[in-house]
Amino acid sequence: MAALGDQWRNVLASHALFVKLQKGSGTAAQVRNLIFSLDEDFFLWDSEQSAFCTVNLRSLNVEPSTSYQTLLCINPPLFEVCQVLLSPTQHHVALIGNKGLMVMELPKRWGKNSEFEGGKKIINCRTSPIAERIFTSSTTLTLKHAAWYPSETQEPHLVLLTSDNAIRIYSLKEPLTPVKVIPLSNSEEESLLLPKGKSYRASLGETAVAFDFGPLVAVPKNIVGQRGKEEVPAYPLYILYENGETFLMYISFQNSSRNLGKLLGPLPMHPAAEDNYGYDACAVLCLACVPNILVIATEAGILYHCVVLEGEEEDELTSDKSWDPRCDLIPSLYVFECVELELALKLATEDDDPTDSDFSCPIQLHKDPSCPVRYHCTHEAGVHSVGLTWTNKLQKFLASDEEDKDSLQELAAEQKCMVEHILCTKPLPCRQPSPIQGFWILSDVSLGTTMICITSNYECLTRPLLTMIRPASPPLLCSQQLDSCITASPLRILAESQDSFEKHIHSILGRNSANPVLLKSNDKDTAPPPEQCLQLLSRATQIFREEYILKQDLAKEEIQRRVRLLIGQKEKQLDDLRYCKEERKSLREMAERLADKYEEAKEKQEDIMNRMKKVLHSFHCQIPILSDSERDMKKELQTINEQLQRLGNAIKQVKLKMDYQQKRMEKGTSPRKASISLSAYQRKCIQTVLKEEGEHIQQMVKQINAVRNHVNF
């Protein structure tokens, strides 16, 4: 399976598509994201042709080929495309630029390999401009951020954030008229412009720069503002301002409440900071965890991981800018940790001023579809990957009682997030950064989880994501049903314990810094200074020595020491096992002897019992005086004898009467015989009396026979 994965990666890197783009396109000057994948198809936007080039990745494993399909735009965009976004329904692609936005409808699939329109090389696709009127009528209006409405079942909608500090929502049915316009500032304040045409709010950083949707939540009744109304499901929209403030808005197209779509905030941040955690915020990302985790990025390369929790009354009192008077409580942001990314490699020099080596640029945040607690950062100088390892401990702490301090201590002792510097496009200070042109995480079972990155000169870099940051496996159905009756395995308890040896080795091998993949310069004429090359080599060597070799040696010593301890424990356990086997053998032999003795004792006991019975019987037979039981039996026999005599006489009388009646019937002298007619009741009484007498006689006979047998014995 690994060989197949390596095959398609190698074939894709040397595909004819990238060879053509490297020859025809120049070097890009800004960060763009022009790639995405749908199932096993890889899409890349070609700016010269204004078309998508698609390659089937799974077919590269079976039969390496240089062919690809081209999806042309019937109405190509007139602006430069900076980002492409696949809709949640996977039927449309948004072409986003600074001066406009268009939507392409993907063609249908059919045929043997399920290719677009049966495998045609060139396909015309329908495109629709979105908000074309406002961008063509204003020369200063730009598009800052755009995203799809995250619902997969409803009609596709696009949410736009423009430079006039307003959010516009468009439907694909009416692409020119917004469904809703939400201003994020007062029109009077925006009318006050500086001499350079910039508003006062923009100069102070009080304009929105980015937003992101959170998972579907139930909006409280106090925000809906309707009596007798249950909680309404809506998507929270977190809006980030340049000064670091975060506002909240709930959006839903299933409910007509007027309060949905109102701006709430700013959300309080704890602990409070004098600089409000920076004034150059550029991106925000909401991780779909429980609770939600909000990532705020600044141009200086600082990331803030904020936990979104329910607010308190004190927070509401401090928030004087809440625009919704009906809102009693708004969520609060609790800053769990702060991470500083190394955007460009910092080389230690004696002559250079440390302030000259500072590098800042806007950062774009990308979710990881394979792991909800991991995300990726792209910028002009490279790619970083960040994984949050403390989310499980946080959920455990929030689910525990208020007095449970053990989970709080575990959360405090938990290691911070793991940051991986994957790609560096600015390894030397003298080089200009090479902006990334495409970034995507391919999550497929057969192809594996792979990071695909397109450099500024359209070079394709692929890297499998094999890190320790993985989502927790869902519990099995059998484990949910049998948790109460099945105890956990001791080995599982040892592996999941906080002080397990595996976690100890992971903590030793944990790296604080890493050597990223270095991208070579496009300028082949100018060579870098030898001093900086030597510093870069020294830095890489030092990192390899300190973060790799040294920690691997420490881990090796710990493993060897653990092996020696385990060998000693194994020998001790083998000795105990041999002793237990000998004891078991001796116990079996003793059990066999005891079983034989028990059988012999049982036979002797039965013989003694039989002899005692015979002795007692002979003893009772030789006693001349009758016992009480024998006297009672004698009286009973005498009574039975008397009853037998009476019954015998009664039988004789019955027989005589029967003979007499028989003779009378045989003679028949009288022609007129007296007919005796008995009623049913009389016949029943006679039958009952005769039956009882017969049973009584039968019982008496049995008793006499029993007495005779007893006397003869």
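This is a predicted model: local features need pLDDT of at least 70, side-chain atom pairs count only at pLDDT 80 or more; totals for chains, interfaces and linings use all residues.
Glu 600 counts as partly exposed, because its relative accessibility is 48%. Glu 600 belongs to helix H14, which covers residues 530-621. Glu 600 is also one member of a negative surface patch.

Arg 561 and Glu 558 both sit in H14, three residues apart, about one turn of the helix. Their side chains form a salt bridge, with 3.0 Å from N to O. Arg 561 has a relative accessible area of 42% and is therefore partly exposed.

The salt bridge between the side chains of Asp 628 and Arg 631 has an N to O distance of 2.8 Å. Arg 631, by contrast, has a relative accessible area of 38% and so is partly exposed.

How many salt bridges does a search of the whole structure find? The search finds 16. Among the linked residues, Glu 40, Arg 58 and Asp 444 are joined in a network of salt bridges. Glu 117 and Lys 120 supply a further example, where the side chains meet at 3.7 Å, N to O. Lys 120 is partly exposed, because its relative accessibility is 46%.

Glu 117 leads us to the backbone. This residue lies in the loop between strand S9, residues 115-116, and strand S10. Glu 117 is not a glycine, yet its phi is positive, at about 50 degrees. Most residues other than glycine have a negative phi, and most peptide bonds are trans. Asn 165 is a further residue with a positive phi, about 60 degrees, although it is not a glycine. Asn 165 is located in the loop between strand S13, residues 157-162, and strand S14, residues 166-171. Its relative accessible area is 2%, so Asn 165 is buried.

There are also cis peptide bonds to report. The bond that joins His 270 and Pro 271 is cis, with omega about -10 degrees. Pro 271 is placed in the loop between strand S20, residues 269-270, and strand S21, residues 281-287. The peptide bond from Val 290 to Pro 291 is cis as well, with omega near 0 degrees. Pro 291 is found in the loop between S21 and strand S22, residues 293-298.

Why is S6 described as largely enclosed by the rest of the structure? Six of its six residues are buried, and so the strand is largely enclosed. His 92, Ala 94 and Ile 96 point one way from S6, while Val 93, Leu 95 and Gly 97 point the other way. Residues on both sides are buried.

S6 has pairing partners on the sheet. Strand S5, residues 81-86, pairs with S6 in the antiparallel sense over five bridges. Val 81 stands opposite Gly 97 of S6. The hairpin of S5 and S6 has five residues between the strands, and there Gln 90 takes a positive phi near 65 degrees. S6 also pairs in the antiparallel sense with strand S7, residues 100-105, over six bridges. Ile 96 has Leu 101 of S7 as its bridge partner. The hairpin that joins S6 to S7 runs through two residues.

Strand S4, residues 69-73, is mostly covered, with four of its five residues buried. Which strands pair with S4, and in which sense? Strand S3, residues 51-56, pairs with S4 in the antiparallel sense over four bridges. Within that pairing, Phe 52 has Leu 71 of S4 as its bridge partner. Strand S10, residues 122-125, pairs with S4 in the parallel sense, also over four bridges. There, the bridge partner of Cys 73 is Cys 125.

Finally, I turn to Glu 342, in the loop between strand S24, residues 332-340, and strand S25, residues 364-367. Its relative accessibility is 23%, so Glu 342 counts as partly exposed. Glu 342 and Ala 300 are 42 residues apart in sequence and 9.4 Å apart in space, C-alpha to C-alpha.

Note on methods. Residues are numbered from 1 along each chain as its sequence is written. Side-chain values use heavy atoms; hydrogens and water are left out. Buried means under 20% relative accessible area, exposed over 50%, partly exposed in between (1.4 Å probe, protein chains only). Two strands pair if DSSP finds at least two bridges between them. Patches are made of residues with over 30% relative accessible area and no salt bridge: like charges are joined within 9 Å, nonpolar side chains (Val, Leu, Ile, Met, Phe, Trp, Tyr) within 5 Å. Accessible areas come from the Shrake-Rupley method with a 1.4 Å probe; for residues, only the protein chains shown count as cover. A salt bridge is a side-chain nitrogen of Lys or Arg within 4 Å of a carboxyl oxygen of Asp or Glu. Lys and Arg count as positive and Asp and Glu as negative; His and the chain ends are not counted. The place of a charge is taken as NZ of Lys, CZ of Arg, CG of Asp or CD of Glu.
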